[in-house]
Amino acid sequence: MTGLPHGFIRSRDVLEDRLTGAQVRTLELQHGNEELLYGLDLIGVAGPFSSVTPWELEDEQGVRRINASGYSATPFGEMPLVLTDFLKEFLEKNRAMTLPQQSSSPWRAALEANLVRLLARELPSHQDSQVFFCSSGTEAIEGALKFARAWRPGTKYSISFNSGYHGKTLGSLSLTPNPEYQDVFRPLVPGAVTCPYGDLDALSALIRRLGPDKVTCVVVEPIQGEGGVNIPPEGFLRGLGELCRRHGIVVIADEIQTGLGRTGHWFESAAHGLDPDIVTLAKPLGGGLVAVGATIVRHAIYKKMLGGLSSKRHSNTFGGGALAMAVGLRSLEHLIETDLPRRSLELGEVGLRHLQSLRARYPRLLQEVRGQGLLLAMQFQPVVGIPLPGPVKELVYEGTAILALRELHQAGVMANLSLSSKRTVRLTPALDMPRDVFEIMFGRVDTFAARNPASRNLLTNTPAGVTMSLAKFAASKPKKRTPSDG
Ligand SMILES: Cc1ncc(COP(=O)(O)O)c(C=O)c1O
């Protein structure tokens with residue numbers, strides 16, 4: 001049979017905005033991640049949203065909100081001119097192969113070289129490092145784990161940290177110690193061991209107990225992002241590097257969230273005296289437009305896995321594609337030319353002061369605030385203040401952040417949940433958010449806090465119908481869902 005299947009949605013209909021919000025949500029509920037969309041819909045944050053400026057999103061009712069979500073992957077906000085203008089030119093002029101795979105590519109070559117030069121400027125030992133490209137953060141970690149294993153045959157343990165987050169494919173998931181994500185997939189990749197984050201003595205004791213010659217690698221986020229913005233004590237990263245070097249253990253710095261400026265440095269690990277063997281990057285490298293992941297590896301380690309005829313031992317189809325590399329190249333160039341890491345550090349200090357002042361004024365709402373650069377976190381007091389049994393407590397904690405997200409959204413700010421830290425909501429605005437928009441955003445966060453001076457107000461300010469639906473949703477078995485009408 002030829003022709004379009006019944007109900008086929010034409011690209012032009014999407015391009016010209018002919019699907020209503022309700023149609024979009026219905027299609028997603030029917031054919032996509034129904035339960036996720038349903039949960040988001042319950043708290044009014046399911047969208048679809050469109051961008052009015054790179055920093056502001058609009059819903060179908062025309063309500064505008066400042067965007068501090070994006071999970072650290074939108075360094076220049078939505079549809080930034082710096083990339084869209086460049087892309088128009090790229091599409092017009094590019095004649096290089098789009099998916100070069102086994103042949104060389106000018107776009108990939110340029111980005112490989114630039115990334116290594118940038119890293120080596122901070123860490124000269126990386127002058128001859130090499131890059132492997134992929135299309136997500138988790139895939140960059142998978143590559144890193146394989147490089148480490150191939151480098152240290154005969155070893156069997158990989159160490160990661162409590163509250164760490166490295167992705168959800170099987171290898172990275174094994175090193176992401178979160179029962180919600182791990183439990184149904186057991187057995188995971190063997191040899192994954194968890195250590196308390198920031199505790200050098202515990203790491204040293206763990207390595208001694210496992211046997212240093214049995215440990216393949218240590219994977220560390222220099223600041224934990226999804227774990228709720230946890231900044232390790234001074235000396236932890238440097239000490240971790242020295243400890244691993246003494247034993248020849250591979251250090252993988254997961255800079256997927258922190259790298260390229262979000263926390264105010266090009267590489268947060270380097271800023272704290274860690275010289276990792278492997279660095280993983282993703283999120284901002286794609287400029288918020290395309291998927292780009294990169295694993296930067298010391299020369300000898302790279303060659304060990306991909307030497308000679310083994311050079312095809314690790315590969316993928318899309319990594320290094322011309323479009324992804326071109327956007328990556330332009331994004332990196334723009335980050336450098338406008339010195340966005342420095343701006344992020346400076347603006348982040350202003351943001352953190354705002355949050356600290358809120359915490360001082362609303363201690364019954366905010367238990368703690370944390371942050372560095374434009375990775376900012378609000379940890380809420382639980383909405384129910386009495387002691388609760390374990391599973392109920394977990395639900396209440398999660399509910400706290402969800403209701404906070406809803407209230408922030410109502411106040412005109414879009415924020416992120418933290419995937420491995422319940423009760424924590426993160427603000428990750430674009431690194432180039434104009435100062436006036438930034439101040440308006442914190443004005444709205446202030447309004448949010450004034451409306452919810454104690455965390456139980458998150459509950460009382462939520463319509464009873466929404467709370468009931470959320471509670472039923474949390475308790476229910478998956479079933480077919482119906483969308484809201486806007
Ligand atoms: C530190 C870190 N590593 C890995 C990942 C996984 O990246 P992705 O979602 O692109 O697979 C994330 C995503 O949040 C992350 O923050």
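Colleague: Which numbering and which confidence limits apply?
Modeller: Residues are numbered from 1 along each chain as its sequence is written. The model is predicted, and local features need pLDDT of at least 70, side-chain atom pairs count only at pLDDT 80 or more, and totals for chains, interfaces and linings use all residues.

Colleague: How far apart do the C-alpha centres of domain 1 and domain 2 lie?
Modeller: Domain bounds come from an automatic or database domain assignment. Domain 1 covers 43-72 + 340-475, and domain 2 covers 85-337. Between their C-alpha centres the distance is 29 Å.

Colleague: How many residues does the contact take from domain 1 and from domain 2?
Modeller: Two residues are in contact if their C-beta atoms, placed from the backbone, lie within 7 Å. On that basis the contact takes 21 residues from domain 2 and, from domain 1, 23 residues.

Colleague: Which element gives the most to the side of domain 1 that touches domain 2?
Modeller: Helices (H or I, at least four residues) and strands (E, at least two) are DSSP runs, numbered from the N terminus. At least two residues each are supplied by helix H14 (340-361), strand S11 (366-372), strand S12 (375-380) and strand S15 (424-427). With 5 residues, the element that gives the most is H14.

Colleague: How does the side of domain 1 that touches domain 2 divide by class?
Modeller: Ala, Val, Leu, Ile, Met, Phe, Trp, Tyr, Cys and Pro count as nonpolar, Asp, Glu, Lys and Arg as charged, and the others, Gly among them, as polar. The side of domain 1 that touches domain 2 has 12 polar, 9 nonpolar and 2 charged residues.

Colleague: Which strands are the edges of the open sheet of 4 strands?
Modeller: Two strands pair if DSSP finds at least two bridges between them. The order in this sheet is S11-S12-S15-S14, with antiparallel pairing. Pairing on one side only marks the edge strands, S11 and S14 (416-417).

Colleague: What is the bridge partner of Leu 417 in S15?
Modeller: S14 and S15 pair in the antiparallel sense, over 2 bridges. Leu 417 has as its partner in S15 the residue Val 425.

Colleague: At what angle does H14 run to S11?
Modeller: Axes are lines fitted to C-alpha atoms, for helices over the stretch in contact, and angles run from 0 to 180 degrees between N-to-C directions. H14 lies across S11 and S12, and its angle to S11 is about 170°.

Colleague: Which residues come nearest to the ligand?
Modeller: A residue is near a molecule if its C-beta atom, placed from the backbone, lies within 6 Å of it. The shell divides into 7 polar, 5 nonpolar and 3 charged residues. Its largest share, 3 residues, comes from helix H6 (residues 137-151). Of the 15 residues around the ligand, those that come nearest are Gly 137, Thr 138, Gly 167, Ile 256 and Gln 257.

Colleague: Why is strand S7 (residues 215-220) largely enclosed by the rest of the structure?
Modeller: A residue is buried if 20 or more other C-beta atoms lie within 10 Å of its own, exposed if 12 or fewer, and partly exposed in between, with C-beta atoms placed from the backbone. S7 pairs in the parallel sense with strand S5 (residues 157-161) over 3 bridges, and 4 bridges join S7 to strand S8 (residues 250-254), also running parallel. S7 is largely enclosed because its buried residues number 6 of the 6.

Colleague: Which residue in S10 stands opposite Cys 134?
Modeller: Strand S4 (residues 130-134) is largely enclosed, because 4 of its 5 residues are buried. S4 runs antiparallel to strand S10 (residues 293-297), and 5 bridges join them. Opposite Cys 134 stands Gly 293.

Colleague: Is Val 229 buried or exposed?
Modeller: Val 229 lies in the loop between S7 and helix H10 (236-247). Its phi is near 65°, a positive value in a residue other than glycine. With 26 C-beta neighbours inside 10 Å, Val 229 counts as buried.

Colleague: What is omega for the peptide bond from Arg 186 to Pro 187?
Modeller: Pro 187 is in the loop between helix H8 (179-182) and strand S6 (192-195). The bond from Arg 186 to Pro 187 is cis, with omega near 0°.
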